[in-house]
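Good morning, everyone, and thank you for letting me talk you through a protein model today. Please have a look at the picture first, and then I will go through it piece by piece.

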Amino acid sequence: MSYTNADARAQLVSELDRAAERIGYALASLGEAYEWLDEQTADRLQAGVFSPRGGAHGPVPYTH
C-alpha cells in the first residue's frame with residue numbers, strides 16, 4: 001500500500017491537533033498554578049513562561 005501526499009498531510013494535521021490540545025492543557029494548568037501564587041512569584045512565572053511561549057500557541061488554530 002502506498003503512502004500518499006494526502007495521507008501525510010492528514011497525519012500531520014492530526015498530530016498538530018493533538019499537540020495543540022496538549023499545549024492548551026499545559027497552559028490551562030499553568031494558569032491554575034498562577035492563581036495560587038503570591039503576586040511577585042506570579043509575575044516571575046508570567047514573565048518566564050507565558051510571554052516567550054505565547055507566540056507559539058497563537059498560529060496553531062490558524063494552521064489547522
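This is a predicted model: local features need pLDDT of at least 70, side-chain atom pairs count only at pLDDT 80 or more; totals for chains, interfaces and linings use all residues.

I would like to begin with glutamate 15, which counts as partly exposed because its relative accessibility is 40%; here buried means under 20% relative accessible area, exposed means over 50%, and partly exposed is what lies in between, with a 1.4 Å probe and protein chains only. Its partner is arginine 18, and glutamate 15 forms a salt bridge with arginine 18 in which the closest N and O atoms are 2.3 Å apart. By salt bridge I mean a side-chain nitrogen of Lys or Arg within 4 Å of a carboxyl oxygen of Asp or Glu, and by this rule the count comes to one salt bridge. Both glutamate 15 and arginine 18 lie in helix α1, three residues apart, which is about one turn of the helix. Arginine 18 also counts as partly exposed, because its relative accessibility is 37%.

Residues are numbered from 1 along each chain as its sequence is written, and side-chain values use heavy atoms, with hydrogens and water left out.

As for the overall layout, the protein has three helices and zero strands, where helices (H or I, at least four residues) and strands (E, at least two) are DSSP runs numbered from the N terminus. How much of the protein is buried? Of its 64 residues, 6% are buried.

Alanine 33 sits in helix α1, which covers residues 5–36, whereas leucine 45 is found in helix α2, residues 39–57. The two are twelve residues apart along the chain, and their C-alpha atoms are separated by 9.5 Å. Why does leucine 45 count as buried? The reason is that its relative accessibility is 18%. Alanine 33, on the other hand, is partly exposed, because its relative accessible area is 34%.

Finally, a word on confidence, for which the predictor gives each residue a pLDDT from 0 to 100. The protein averages a pLDDT of 81, and 75% of the residues score at least 70. Among the elements, helix α1 has the highest mean pLDDT, 91, while helix α3, residues 59–63, has the lowest, 56.
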